[in-house]
Amino acid sequence: MQPSQPTSEAIWTVSALNFEVKTMLSKGIGTLWIEGEISNFARPASGHWYFTLKDERAQCRAAMFKGRNSRVSFQPQNGQKVLLRAQVTLYEARGEFQLVVDHLEDAGVGELMRRYEQLKAQLDKEGLFDRSLKKPVPAHPRQIALVTSASGAAIRDVLSVIERRAPHIPVVVFPTPVQGETAASQIRQALRPVVEFGTCDVVLLVRGGGSLEDMWCFNDEALARDLYAFPIPLVTGIGHEVDFTIADFVADLRAPTPSVAAESITPDINELMQSIDDRTARLLGQLELRLEQSRERLGYLLKALDQQHPTRQFEQLKLRLSHAQKSLLERQRAQLSEERHRLRISQATLAQNNPRVTIAHHQQ
């Protein structure tokens, strides 16, 4: 058993000494970020990585086990400068000081990522990524401005998608390099004539996939500020789905690829025609219903008008007058007949009471 505190009187075994040194290294130094150059890289059948990390003055052995190195997106090469996170420890069996690596990245890429995150945080704090300030992208653009390389695959993909989905929408290409040290300033220059052109109501800024270094021009601060202040709705389609640039965050709409960017701003002509057909059918149905309702109302109004027409009223009055005339004549005839009957009775009574009859009777 090893002593808890090393003393000059204690007699140590080699394994106890190595264990004590390993414990001291692990607790005393722990995990560090270290930058250096890879040499003597080896990958045995176990899948673990073993290499030497060195600079111009010193070197040390390093190991990255299979469970960790499977997350590294590149194959390390001898002479490559890397940034790694490792625990300082001792390989007890050999008494060799070594690094147990749990994270590894290309030193150049790491520096770019730090600059990227720093600029992203700065612009986000200034409000350049504020979603409430994003300009709405037109659902049916009149004309599309395409800002990209004239020789890349992205331009072919975008034009193919637009030709398939919306061949009626014209596209104006504003060519510019999308890779290299001067690409950012050239993209800014290519955007200026878009505004002067005056007829484009949406802008596509696209490029195909590539490494972080290839797409670094889209992380330029001056370009980001130009995109933020750009007066026309701007859509980005840069790289692949996993690629995010500062330009994507500033744009009014970010698409994962150039093709998806083209799809996001163009209506599908087949769906559009189907929608027109459906709406036309609904409109015709509504018109037929309204016409039928109007016909019924017109019939009702014509009937009501016919009932109130002066000719109809005159006819009704003539009928009423004829009926009244008939009724009056019938009453007059009845009254005349009654008067005649009374006259006959009166004549008979008068005849019976005629004085001449009485005189004649008395004479007789």
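This is a predicted model: local features need pLDDT of at least 70, side-chain atom pairs count only at pLDDT 80 or more; totals for chains, interfaces and linings use all residues.
Let's start at helix α8, which runs over residues 258–265. Four of its residues are buried: Pro-258, Ala-261, Ala-262 and Ile-265. They cover an arc of only 100° around the axis, and that puts them on the same side of α8.

Now let's step back to the whole protein. In total there are 11 helices and 10 strands. The radius of gyration is 53 Å, while the globule rule gives 21 Å for 364 residues, so the protein is more spread out than a compact globule. You can see that in the C-alpha trace too, which spans about 205 × 65 × 40 Å along its principal axes. Of the 364 residues, 30% count as buried. The accessible surface comes to about 23800 Å², and carbon and sulfur atoms hold 54% of that. As for contacts with a separation of 6 or more, 65% of them join residues 24 or more positions apart.

Next, the cores. The largest nonpolar core has 35 residues, and the members that touch the most other members are Leu-191, Val-203 and Phe-218. Several elements each supply at least two residues of this core, among them α3 (107–126), β6 (144–148), β8 (202–207) and β9 (234–238). Which element gives the largest share? That is α5, with 6 residues.

Let's visit Val-203 for a moment. Leaving out residues up to four places away in sequence, Val-203 touches Ala-145, Val-147, Leu-191, Val-194, Phe-230, Ile-232, Pro-233, Leu-234 and Val-235. There is also a second, separate core of 18 residues, and Leu-25, Cys-60, Val-72 and Val-82 are included in it.

On to strand β1, residues 31–42, where we find Ser-39. Is Ser-39 buried or exposed? Ser-39 is buried, because its relative accessible area is 10%, under the cut-off of 20%. Beyond its neighbours up to four places away in sequence, Ser-39 touches Phe-51, Thr-52, Lys-54 and Asn-78.

Asn-40 is found in strand β1 as well, but this residue is exposed, with a relative accessible area of 57%. Its backbone is worth a look: Asn-40 has a positive phi of about 55° although it is not a glycine. For background, most residues other than glycine have a negative phi.

Let's finish with the aromatic rings. A search of the whole structure finds 5 aromatic pairs. One of them is Phe-41 with Phe-51, a stacked pair at 6.3 Å centre to centre and 25° between the planes. This pair links distant parts of the chain, with Phe-41 in strand β1 and Phe-51 in strand β2 (residues 49–54), 10 residues apart. Phe-41 is buried at a relative accessible area of 18%, and Phe-51 is buried at 3%. Ring pairs also bring in Trp-49, so that Phe-41, Trp-49 and Phe-51 are linked into a cluster.

Why does the pair of Phe-244 and Phe-249 count as stacked? Their planes are at 25°, with the ring centres 5.9 Å apart, so the pair is stacked, given that planes under 30 degrees apart count as such. Phe-244 is partly exposed, with a relative accessible area of 40%, and Phe-249 is partly exposed too, at 23%.

Methods
Residues are numbered from 1 along each chain as its sequence is written. Side-chain values use heavy atoms; hydrogens and water are left out. Buried means under 20% relative accessible area, exposed over 50%, partly exposed in between (1.4 Å probe, protein chains only). Contact means heavy atoms within 4.5 Å. A nonpolar core is a set of buried Ala, Val, Leu, Ile, Met, Phe, Trp, Tyr and Cys residues joined through side-chain atoms within 4.5 Å. The arc is that of the directions from the helix axis to the C-beta atoms. The radius of gyration is taken over C-alpha atoms; the globule rule is 2.2 Å times the number of residues to the power 0.38. Accessible areas come from the Shrake-Rupley method with a 1.4 Å probe; for residues, only the protein chains shown count as cover. Rings of Phe, Tyr and Trp (its six-membered ring) pair if their centres lie within 6.5 Å; planes under 30 degrees apart count as stacked, over 60 as edge-to-face and the rest as tilted.
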